[in-house]
Amino acid sequence: MEWQEEHRQSSLVIGGDVAAARVALKLAQEGQRVHLVTRAPSLGQAPLGNLLPVEPPLLPELLAAASHLQITLLTNAQVTTVEGREGNYSVTLLRHPRYVDEERCAACGRCEPNCPVRIGRGSDGRAIHPPYTKSVPAAYVIEKRGTAPCRAACPIHQRAPGYIALIREGRYEEAWRAIKEENPFPSICGRVCDHRCEDECSRQRVDESVSVRALKRFVADWAYAKGKTAPLKAPLAEGPPVAVVGSGPAGLTAARELALLGYRVTVFEALPVPGGMMRVEIPSFRLPPELIEREIDEILALGIELKLNSRVEDIGGLLEEYEALFLALGAHRGRKLPIPGADLPGVLVNTDFLRRVNLGQEVELGERVLVLGGGDVAIDVARTALRLDAKRVEMACLESREGMPAYPWEIEAAEAEGIVIHPSRAFKEIVHTKGRITGVQCLDVTFMEFDEDGRLTLETRPGSEHLLPCDTVIFAIGQDPDLGFLSDGGLEVTLRRTIAVDPKTLATEKPGVFAGGDAVTGTAFVVDAIAAGHRAARSIDRYLRGERLRGEPFLPPKVELTEEEIAQRLSLGLASRRPRAQIATLPPSKAKRSFREVELGFTEEQARAEAERCLSCGLCSECLECEIACETGAINHEERPLELKVQVGSILLADAHELEDLSLPPETINAPSLPTPPPLTLRLPLEERDWRLDGEPRVGVFVCPCGGRIGEVIDVAEVCREAISLPGVVHTQEIPYACLIEGAESIHGAITAHNLHQAVLAACSCCSLDQICYSCSYQRVRSKVNLLRSPSFFEFVNIREHCALVHGDEPELATEKAKDLVASAVARARLMTVPLPKAQVEAWRCRGCGTCEEVCPAEAIKVREDGERLIAQVDLSLCTGCGACAALCPSGAVTAGHISDRQLEVTLEALLASPNPEPKVIVFSCNWKAYNGAEMAGLQGISYPPNVRLIRLQCLGRLHSGLILKAFELGAAGVLMLGCPPGECEHRSEGAEDLFKRTQALLGLLGINKKRLRLDSIPLGDGRLFAQKVKRFVRRV
Amino acid sequence: MEMEKAIKETHAYRCLECGKCTAVCPLARLNSIYSPRLTVERALWGGDLAHDRLLWSCLTCGACSERCQSDVAYAEFIRHLRTQAWKGGQSGECAHGGALQTLMRMMTKDLKQKRLGWLKRGLEVVERSDTLYFVGCLPYLEVIFQDLDLPGHKIARSTVKALNRLGITPMVLENERCCGHDLLWEGDIDNFRRLAELNLQTIEESGAQRVVTSCAECYHTLAVEYPRYVGGLKAEVIHISELLAQELPGLKASRKPIKRVTYQDPCRLGRFSGLYEPPRQVIVSLPGVELVEMERNRAQALCCGTSCWTNCGADNKEIQVERLREAKATGAELLITACPKCQIHFRCAMSDEKVGQEARIEVEDLVVLAANAL
C-alpha cells in the first residue's frame, strides 16, 4: 500500500482566504504536498467576490503560500466530487478558465487600457483587469459571461460584440481588424448579410436589436475611405499546394485561411471575374462591384494564385497536382419550371439574367416584366429589371405573402419601388401570341409545402385560372450547382442535386476532396458560404497534417441575460437608452431608376450612438485587443473549463463559502485558524549558499521595461548607456519581462556568457533579500524565485513604482531617478554582502562591550565568551534584522548583513552624485510602513517631487548619525526619516527619536538649519500620506 | 617616489631589524600578526601595505620610536603609508559609524557654525583678545558621546574659567574648525590641509598672539603639523597645562576632597611634544592632591588604545582595560588626562558592565580638576 503512504503526505486545503493560506503554509512547512483550492481568481478574496485589495499585513502570507514549492495553488477551481476515505481521497476539481495564463502574465497592464469593454461605472474597470491591486497571483482575469447571442447566431461566429465595443470607443481600425478575424468580406456582409445576429440580439428585450450589419458596413466604409489595407500577414507559403475551385465567398475564405496557415493556394474560376455569386448575382445597387474587387484583392495579396476563365472539368487531374481540393462551385444554374412556353424567347432565368447585367452584357427586356419566384434572388431580379427601364415589373410566387422566403425588408424595398407582388399563384403556362409573350396563366394556391428533399405538395383552387399579363418572364425559383462534370469524379450527389459531404467537416467521399458553399447547401447567404470556407480550411489543414477531422471549435455557452442584468447595465450606463438608429436610404423614386447604392450607411455619430446600445451580453467582447496588446502570450480566449483529479490523504476545509451543494466526508477536518505568524520571518523558497567572492566583481545591469509600464516613461536605453559607464559594470541589457521564466533564462544566459559575479535588475523588485514583505508582489516573488537560483548575487531596484509610475508626467526626471537608483545598486553590488537582513559580527572589531545586547529588541544578540575574549554572537533565528545593534555598535563590528554601512554610504554617494535634479532630498524609510507608503504612492500614481531619493532600511533604528551627516556632506538638501507611527515598529525598536535629536544637535553646531532634518511616520499602506509628507518636507527645505 | 620620500624622511632605511619596536608595541603584544618591524621591512622590500587592514590599526602612539636606536619615526612612517593608501581609495574601518570623519569633512566646507552654546554666564570671553582659546571638537564630542557622559562642555568651560582666573579674558571663535588631527593621521591629507588652511586664516584674522588648547591633539597639530603642511601660525601655541604650570595662581582646596590621583600622558602631549612635566606640576600644586605614577609613565606611558576613530576593536579594548587596571592599581581615586580623546576611550571601555572593579576608575580632565581648585 505504498501509494497510500504517499497520499497521506498530501492534503487538499479548500479556501482562498488568509486562514487557508496559513493552514497550507503550515502543512507545507511540515513537508506535505498541498493543493490549495479556491473558487476565487486569487487568494485573499474571501468572502468570495470581494474585489477590495487585501490588507497589506496579510499579503506576505498569501505570497508565501502562492510561491511555496510544496503548494499547488488552484484558483478559479471548485471541488465537484470527493471519493474514497481518510488517507486516500480522490477529488475531482473543476477549474474555470481565467483566460490569462497565471505564469505568463506579467501584470504589466498593457491589455487593460486596450480593452474596449467597460464593466463598471466610470472609465475604470475593463473586462480584462487584475483581480485587485497586488492580487495573488497577479495575473489578470477576463470577465466572460459566455458567448453573446449575436456571436452564437452567426454562422462564422463574428466577433460582433468586439467590433461594436471598439466602434463605441471610436477605434474603427481595431474594429475593422476584429471583423476581419473571421470575415474576409466586411463590405459585402455589411450590405447583404441576412444578419441572424440581429434576430438573436438581447437588445430586442429592451427595444429593437442593435443594427449590427450596418455597424459592420460603417467600419468597412471607414477603412476603405482611409485606405487601410488588410491587417493580416500570411507567412511564407511553404506548405503543401491546395486547389480551391470557385472564387466565391466560400472558396476565397478557404483560400485566405489556408494561405494564413502557410499553404500554397491556387483558386480556379470559370468566369472572367472572381467573386462568384457576390460578383455576378447580387445587383450592384445592393453591392457595388468595386467593393467586391477590393476585398478580393486583399485576399489575393496574401499570395494566392487566381486562375480566371478556368473551368475545372477533371478532379482527378487536379488531385495529381494538389494535395487537397476544395470545391466551392456555387449554384449558378438557374431553374425553369417545366411548363408550356418555358422555352420561349423572352423567358429568362435569374442567374443568367443577373450575371449578364453584372458583367455589363446586353439584356433584352420588354416593357412589362413578370418575375416568377418569391425569394431574395427574385426580388433582386425584379429590382434589377426595374432599373433596366422596364416600365412595369411584377412578381408572382407560390407562397402566400407571409410565407415568401424573401426577408420582409427586401419585400418592402421592392414594393416601395413600385413592384407589384402577386402571391399564392401556381403557374400553368406561359401564354404567347406568335412567339410574343402575352402573360402567364396562373391558378390560386390554397396549400403548398416542400418536403425535406425539396418535393412540392400543392393544392390549387379549381377554376381560379387567370392571366398575369407581361411580355418578359424571368424565372427566379432557385438554382442548382452545375455538377455535370462530377459524375465521373467519384463524388456522390444528393437528391437535391448538391454535393454530398459530411456536414461537420465538409469532407466528401473522396479523401482530400472537400466541398462547401451553395454547391453543398443549395442557395444560401454569403455568410453561410464564408462559414463553409472556414470549415473547409480547418478540415483541409487537419487533413494535411494527418490529424483526425473535427467539427466546429468550442464556444462557451450562449448568454441569456436576466432582466436584472439588463436593467443594471442600462442603469450603470454601460448601454445607452437610445432607440435603434435608422439607416438612411435613397428615396425609392430616385433609387428605382439607377444602379446607385440604395442603402447609404451610418454617419460616424450614428455608428457610435448605435454601438452604445449594445448590452455587452458576454462582458468580454472577444475583440482580441488584449491578446494583441499582450507581449507575453498570456491570453487565451479559447481556454475551456478543465477537470482535474487529485489524490490526497486529507482534506481541510478552511472556508465553508467555497462549497456549494457538496458535502465533504464527515472525517474531513475543519481547518483550525492558526495564530498569526510574524510576517517578518516569511522567506522565499531558496537554497542557502556561500556568497563570498574574491577579487574585483564583474557586474551586469539588466533593465526591464515592464511591457511599457516602465519603458514608456523611462528611457531604458539611456539607463543602460549610463550604467555601462559605471565602475565594475561589464554588461547591460534590456530584458523584456524579467518576471517571466524567459526573462530569468536570458539573464542567466548573460551571467554565464559574460562571467558576471553580480547582477543588478532594475524592474519592480525592490530589495535584494529573500524576504517577503508587505510591499512584495506576485511578480517580484516569481522573478526572485526564478532569478535567485543563479550563482550570482542580485541587487534589485524598483524603477517601476518608484520612478515610472510615480513620476509618469515627468519622464526625464523619472529617467534621472532610475539612473541614480541603478548606480546605487551597482555600487552596492560591488560590495558583496550576504543577502540576509541579519546582524553579523566581525570578530576583530568586536569590543565585547554589550551595547548590541542592550539595544536588541529581539534578544537575538548576546555577548559570549569565545576563547579568551568576549564577543557578540547572533542567534539568526531570533534576529529580525532591524539593525539597531549595527547602528549603535561603537566600533562598527556589527553590520546589519544586507545592507551594510558601507553599502549605505555608497548608495548615498551614488544617489547624490549626479547634479540632476538639484537639490536632492534623501528619505530614509523603514522597510515596513513607510516604504510601503512609497510603494502605494507609486501604484496609485500619487506623485511626489522627483528629486526625492528613497533609501530603505529594515528599520529606522538602523540609522546612525554618520549616515545622516554623510547625506548632508554629499549635498543633500534635506533628510527625512520616515518610520512607523509610535508603538507600531515591526522590530519594536526605539532608537529613531534619540538619534534624530542627537543628529539635529550636531547639525545645529554646524550651523545647518535643523529643519533640514525631520523625523516623521506613516501608517501602513498610506500612499497618499507618504506623498503628502514628502511633498511638504521638500517644500520646506 | 612617495615611498622613497617616506622612507627617507622617517629614517626607515636606518632600521636594523632589532625588533625592539615590536617588543614595546602595545598592539603587537596582543596581536601576533602585527609587527612594526615587519611593517618597515615589508615597505623597504616594496611590499603592498595599502591593502593590509592592519595598516590602519597602528595606534601611532610612538612608543616604538622611544626605543628605536635608529631614530625611525614609525608613527609618521605609518602616516605616509596611510596617505598613499588613501589616495588609492583605501581606508580603515571607521568607528562610530564614521560620524566623526564626516563631521570633519563637513567642516572643510563653507559653514557658519553655531558652536558656542556651551558658554555660560560667569565665563568671560571677548571679541578680540591676545589670547585665543581653541576649543576644538569639544561641543561635538559632547553630543556624540553623551552616552559616555563625556564632559565636553565642562572641559571647555573649565578652560575659560582657568584662563579667567589667570587674569586672561580669551576670545573664542564661532567658526573655528576641527584641527584636522584625525584626518591627517588617517591619511586624508587633502581634507586635513583644507581644515588647516581655514583655521590658519581664521586665527590670523583674529589677531591672536597666543593660542591655548585644552586638547593634546589640537596642541600638537597646531604647533607642529600646521607649520609642516600649511605654514605656521604667527601666534604661540600653548597647551593649557603649560600655561597653568607657568602661572599657577593661589589655589584653594577642591570642594570634593581628592587625595590620590594618577596621570595618563596623552601621546601627542608627551612623547610627541615632550610635555611630561607641566601637567604633573599642575596636579601636584593642587592642595590636598597626591600624584601617584602608574608603572609605565612619561615616555613609557601606555596609549589610551585608539587613535583617529579607526580600526577600533577587541585589541584596543584590551589595551584600554590594561591601562585602566594599571591606573587602578596605583590606588588612585581619579585618572587625570590632558586629552579628551583619552577620556572618551577610557570611558568607552568602562561602559562595558562586564569590566571588573579592578579596572574601574573615575576619569577627569586636568583642566577640570584644576578649575575646581581655582
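This is a predicted model: local features need pLDDT of at least 70, side-chain atom pairs count only at pLDDT 80 or more; totals for chains, interfaces and linings use all residues.
Two salt bridges are counted between domain 2 of chain A and domain 3 of chain A. Arg286(A) also forms a salt bridge with Asp380(A), where the closest N and O atoms are 2.7 Å apart.

I turn now to the contact between the chains. Chain B contributes 42 residues and chain A 30 residues. The area buried between chain B and chain A is about 3000 Å², 55% of it on carbon and sulfur atoms. Within chain B, the residues that lose the most area to chain A are Met106(B), Val143(B) and Lys354(B), which together account for 17% of what that side buries.

Five salt bridges are counted between chain B and chain A. One salt bridge pairs Arg998(A) with Asp147(B), with 3.0 Å between the closest N and O atoms. The count of residue pairs in polar contact between chain B and chain A is 15, again with both at pLDDT 80 or more. Four helices of chain B, namely α7 (99–106), α8 (138–144), α15 (314–329) and α16 (340–350), each supply at least two residues of the side that touches chain A. The largest share, six residues, comes from α15(B). By residue class, the side of chain B that touches chain A has 16 nonpolar, twelve polar and 14 charged residues.

Next, the salt bridges within chain A. Over all chains, the structure holds 100 salt bridges. Glu599(A) and Arg217(A) form a salt bridge whose closest N and O atoms are 3.8 Å apart. Glu599(A) sits in strand β25 (residues 599–601) of chain A and Arg217(A) in helix α10 (residues 212–225) of chain A, 382 residues apart. Both Glu599(A) and Arg217(A) are buried. A second pair, Glu417(A) and Arg387(A), meets in a salt bridge at 2.9 Å, N to O. Because Glu417(A) lies in the loop between α17 (408–416) and β16 (420–422) of chain A, and Arg387(A) in helix α16 (residues 376–387) of chain A, this pair ties together parts that are 30 residues apart in sequence. Glu417(A) and Arg387(A) are both buried.

Arg542(A) and Glu547(A) also meet through their side chains in a salt bridge, 3.4 Å from N to O. Here Arg542(A) is buried, with a relative accessible area of 18%, whereas Glu547(A) is partly exposed, at 31%.

I close with helix α32 (residues 929–939) of chain A. Ten of its eleven residues are buried, so the helix is largely enclosed by the rest of the structure. Among the buried residues are Lys929(A), Tyr931(A), Glu935(A) and Met936(A). After α32(A) comes Gly941(A), with a positive phi near 65°.

Notes. Residues are numbered from 1 along each chain as its sequence is written. Chains are lettered from A and ligands numbered from 1 in the order in which they are written. Side-chain values use heavy atoms; hydrogens and water are left out. Contact means heavy atoms within 4.5 Å. Buried area is the accessible area (1.4 Å probe) that two parts lose on being put together, summed over both. A salt bridge is a side-chain nitrogen of Lys or Arg within 4 Å of a carboxyl oxygen of Asp or Glu. A polar contact is a pair of N or O atoms within 3.5 Å; within protein, one must be able to donate a hydrogen and the other to accept it, and residues adjacent in sequence count only if both atoms are side-chain atoms. Ala, Val, Leu, Ile, Met, Phe, Trp, Tyr, Cys and Pro count as nonpolar, Asp, Glu, Lys and Arg as charged, and the others, Gly among them, as polar. Buried means under 20% relative accessible area, exposed over 50%, partly exposed in between (1.4 Å probe, protein chains only).
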